[in-house]
Number of protein chains: 2
Amino acid sequence: MSEPTPADEHVLDLVGLAAYLRLRTFSLLAAQAAGAPDLDGAQRLARIAGRVVRHQEDLLALGEARGADAVALMSPFDGLLDAFEQRTPASTWWEGLLTGVVGHGVSGDLCRLLARGLSPGGADAVLPALADEEHEDDSATTLVRSAAAADPVLASRLALWGRRVVGESLSLAQELLGRSPALGELARAAARAAGVTDGAGAAVGSSADVTAWVLGELTAEHTRRMDRMGLAA
Amino acid sequence: MSEPTPADEHVLDLVGLAAYLRLRTFSLLAAQAAGAPDLDGAQRLARIAGRVVRHQEDLLALGEARGADAVALMSPFDGLLDAFEQRTPASTWWEGLLTGVVGHGVSGDLCRLLARGLSPGGADAVLPALADEEHEDDSATTLVRSAAAADPVLASRLALWGRRVVGESLSLAQELLGRSPALGELARAAARAAGVTDGAGAAVGSSADVTAWVLGELTAEHTRRMDRMGLAA
């Protein structure tokens, strides 16, 4: 077993954040299932939403094993996405789906990145429950990719929408790290574990440096995700 | 192994119906999760919706093992609930939840009843996937029961709403048996298997007799369900 680090104290903050984000992703994907243009889309989205809630329950079980109940874990984050959702009102079903893919993608990336601030033992305990539940052949990503490949006008609209959603997602991530000392400390520990240095070659010190690194990592992952969908990032 | 009966030819019709009904129940419960008054309600409803979609996937796997794909199985029933949903517009979150409990309850009871028209071998293959996914301690039923026990005004409003929803559910069941020869034949076989006789002591013959028996069974189960919630049926 590896030695716990000070950041390990914040593991439950991370679990609560991840569980809350997944609960909201679940609702978003389930709404897309209900509004899907056909049965095939409805079934795929329902499957994906079902997987999201199953993984969310794994996270909550981790918390419960540490004595924390589901509502207590998530309640510090209650309402976190309200402003995000108000600022990203999808005007088509495809936009709504992309909001789910991008929002869920960024939030998953953020949680996995923060987990890198835990000790190796702490990270090993949490990372399996934070794994991405996208499956190559039956995912929302695949749905978007096929639709975008078949319709260049849709592809360019979705590219534009993706930029809007990722912008809002990154603002939210930044706000969250500023507001939660526990998550801020995990981010700092993650940056140090990743060997990030400031301009002078020293380990990152300021919150601004840490935040800049986090946003850079999230943006890079977002670009890869948009590439997989055949959309310009 | 028991001998297949003529009704066994209709097993895929039953699987398709049950899968479609669960897909819609999933959407209804997920919408209740998204609109829940607090995190505890949101989490419970998301869990229940997740279980519904998991059981729905079991049904689809049964169909796929018989060479039928998900969309082909469900598409004969596409739109089946549109009129029902338009006629049961919940005006409060609790009404919406009860619509889910009652609608899901009646549709599950109907599917299990129709499965009794299959040969014992056929029924054994299908019934596990048709099992009710309500768990005693963490179910929508429990949520309604606690709320109704604490608030007599809510309890009487929900009792009224339950009557409206069950009325619409029974109409829909009747329409379905009239419109689908396969399901009508399963219902007739189920009535015979249950030893139902007409007024003269002969096995039920007319569609009207069969339908009357089905509606009576569904009503009896509904009454028990309302009792479990502490609501007047």
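**Notebook: chain contacts and a helix pair**

By the rule I applied, a salt bridge is a side-chain nitrogen of Lys or Arg within 4 Å of a carboxyl oxygen of Asp or Glu. I note that this is a predicted model, in which local features need pLDDT of at least 70, side-chain atom pairs count only at pLDDT 80 or more, and totals for chains, interfaces and linings use all residues. Residues are numbered from 1 along each chain as its sequence is written, chains are lettered from A and ligands numbered from 1 in the order in which they are written, and side-chain values use heavy atoms, with hydrogens and water left out.

**Interface of chain A and chain B**

I then looked up the whole interface and found four salt bridges across it. I also found that H1 (11-34), H2 (39-65) and H3 (70-74) of chain A each supply at least two residues of the side touching chain B. Helices here are DSSP runs (H or I, at least four residues), numbered from the N terminus. H2(A) gives the largest share of that side, 14 residues. By class, the side of chain A divides into 15 nonpolar, five polar and six charged residues.

In contact terms (heavy atoms within 4.5 Å), 26 residues of chain A meet 26 residues of chain B. The two chains bury about 2,000 Å² between them, 67% of it on carbon and sulfur atoms. Buried area is the accessible area (1.4 Å probe) that two parts lose on being put together, summed over both. In chain A, Leu39(A), Gln43(A) and Arg47(A) lose the most area to chain B, together 30% of what that side buries.

**Salt bridges over all chains**

**Helices H5(A) and H8(A)**

Lastly, I examined the contact of H5(A) with H8(A). Residues of H5(A) including Trp94(A), Val102(A) and Leu110(A) meet residues of H8(A), among them Leu158(A), Trp161(A) and Leu176(A). I recorded 14 nonpolar, four polar and one charged residues in this contact.

Methods. Ala, Val, Leu, Ile, Met, Phe, Trp, Tyr, Cys and Pro count as nonpolar, Asp, Glu, Lys and Arg as charged, and the others, Gly among them, as polar.
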